[in-house]
Amino acid sequence: MQSRIAFQLGQTVTPVLRRTALASSTTKLAFQHAQSLFFQHGSLRLYSDAKYRTIKVPHMADSITEGTLKSWAKMVGEQVEQDEEVASIETDKVDIPVNSPVGGVIRELLAKEEDTVVVGQDLFKIEEGAVVEGGAAQSAPKAEEPSSSEPIAAAPKKSEPAAATPKEAAKPAAPKEAAAPAPAKESKPAASTSPVSFSTGERSERRVKMNRMRLRISERLKQSQNTAASLTTFNEIDMSNLIDLRKTYKDDVLKTHGVKLGYMGAFVKASTHALQAVPEVNASIDGDHLVYYDYCDVSVAVATPKGLVTPVLRNTERMSIVDVEQEIANLGKKARDNKITVEDMAGGTFTISNGGVFGSLYGTPIINMPQAAILGMHAIKERPVVVNGKIEIRPMMYVALSYDHRIIDGREAVTFLVKLKEVIEDPRRLLLSV
């Protein structure tokens, strides 16, 4: 490297020396001395031996080719460790973190926040292996400080004319006095004759661009309405036995397995039991074929600040109620930390949406295409019901099954809800598989 730079310097400087007739022995010695000092300078070695690497937008998923650059976690001149997050890209499904494959110092950002970036596009440049030390750590910010401080330094200059304006304003003081009739225009009688005005408060509005996830949700929900022959059937479930089961064993489950026992685990297992009994509900349409799944991958709808996501519980037919609760807890934590991945939401043969956590009493969920059905859970409310000829107050829940009538007939839909109801009202059925 040094020999190449020396050759380039010789090619550049020698003609100049010849043209100016300064190629004396003294000048040559001075040039050689300066050249040796130049090569010994630390900054030359730093940049001539530096390894600059351009990091590209990573592959995100087979169905995702672009996204919106939402934020930079690191700026130019900052130190980055290997596998440390540098940027975040928002897609129509999840936010994809972009991690640095090597450690070093960020030297250039090649995209701005809110820019649309595609897979394989250059994103930023990093000086591999570089370490920010002492003053060098602030080199990039300090270089920008003068530009930002110029307006501050210019402010006093602008304030001088501003200070002079009051003095000049003192001269037309007399004309202002001469214009004494002006206050007469603001006379109180004129104000009193005007009609009484009432304050209507602020009437503002905000226009916010839809994020990619919300746009994708809108497209998929409308696609579902336009494609599926959607129909909804309802039933009600007495939650007494499941509530008693939870009260009896929730402390033991928490102590033994480290997870809270809720209602979703039981509903997922009851739905799995019903899916195996009514395979038409666990199916989808692919062209002119019906696809029946021998496994149960249950998508659980989770509300996040950015929109609805549906992480998938895979092979629920092999899981216990406690296993389901543990997996739901893990996925819920990932969703809250914005760490959920595309792989967590890929697939799914059936969906459960629990609007009851928000107080919903009744509702008709929209099918999550290309699935054939979705179960809607609702709030538990005490209601008078007839039990063995007597009116009793029981904790009841309405459940709804929206289904694609192209695949599922009314008989299968109703049978599914009846199977679900039987298992929830008597959880012992799960032990006997009846």
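These legends go with a handful of close-up views of one predicted model. Residue numbers start at 1 along each chain as its sequence is written, and side-chain values use heavy atoms, with hydrogens and water left out. Because the model is predicted, local features need pLDDT of at least 70 and side-chain atom pairs count only at pLDDT 80 or more, while totals for chains, interfaces and linings use all residues.

View 1. Helices (H or I, at least four residues) and strands (E, at least two) are DSSP runs, numbered from the N terminus. Of the 434 residues here, 32% count as buried; buried means under 20% relative accessible area, exposed means over 50%, and partly exposed is what lies in between (1.4 Å probe, protein chains only). The chain has about 26900 Å² of accessible surface, and carbon and sulfur atoms own 54% of that. Areas come from the Shrake-Rupley method with a 1.4 Å probe, and for residues only the protein chains shown count as cover. Take the contacts (heavy atoms within 4.5 Å) between residues at least 6 apart in sequence: 65% of them join residues at least 24 apart.

**View 2. Helix 13 and its buried side.** Helix 13 covers residues 410-425, 16 residues in all. From first C-alpha to last it reaches 22 Å, close to the 22 Å expected at 1.5 Å a residue (the expected span being 1.5 Å times one less than the number of residues). Its buried residues are Glu412, Ala413, Phe416, Leu417, Leu420, Val423 and Ile424. They sit on the same side of helix 13 because they cover an arc of only 135° around the axis, judged by the directions from the helix axis to the C-beta atoms.

View 3. A salt bridge here is a side-chain nitrogen of Lys or Arg within 4 Å of a carboxyl oxygen of Asp or Glu, and the structure holds 19 of them. Arg428 is exposed at 60%, whereas Asp426 is partly exposed at 23%.

**View 4. A salt-bridge network of Asp238, Glu392 and Arg394.** Shared partners join these three residues into one network. In the Arg394–Glu392 bridge, the closest N and O atoms are 2.8 Å apart. Glu392 is partly exposed, with 28% relative accessibility.

**View 5. A nonpolar surface patch at Phe234, Leu361 and Tyr362.** These three make a patch of about 280 Å². Patches are built from residues with over 30% relative accessible area and no salt bridge, joining like charges within 9 Å and nonpolar side chains (Val, Leu, Ile, Met, Phe, Trp, Tyr) within 5 Å. Phe234 belongs to strand 9 (residues 230-238) and is partly exposed at 31%.

**View 6. Thr68 and its contacts.** Thr68 lies in strand 2 (residues 66-72) and is buried at 11% relative accessibility. Leaving aside neighbours within four places in sequence, Thr68 touches Ser88, Ile89, Glu90, Glu114, Asp115 and Arg212.

**View 7. Thr341 and Asp95.** Thr341 is in the loop between helix 11 (321-336) and helix 12 (342-345), and is partly exposed at 29%. In sequence, Thr341 and Asp95 are 246 residues apart, but their C-alpha atoms are 7.8 Å apart in space.
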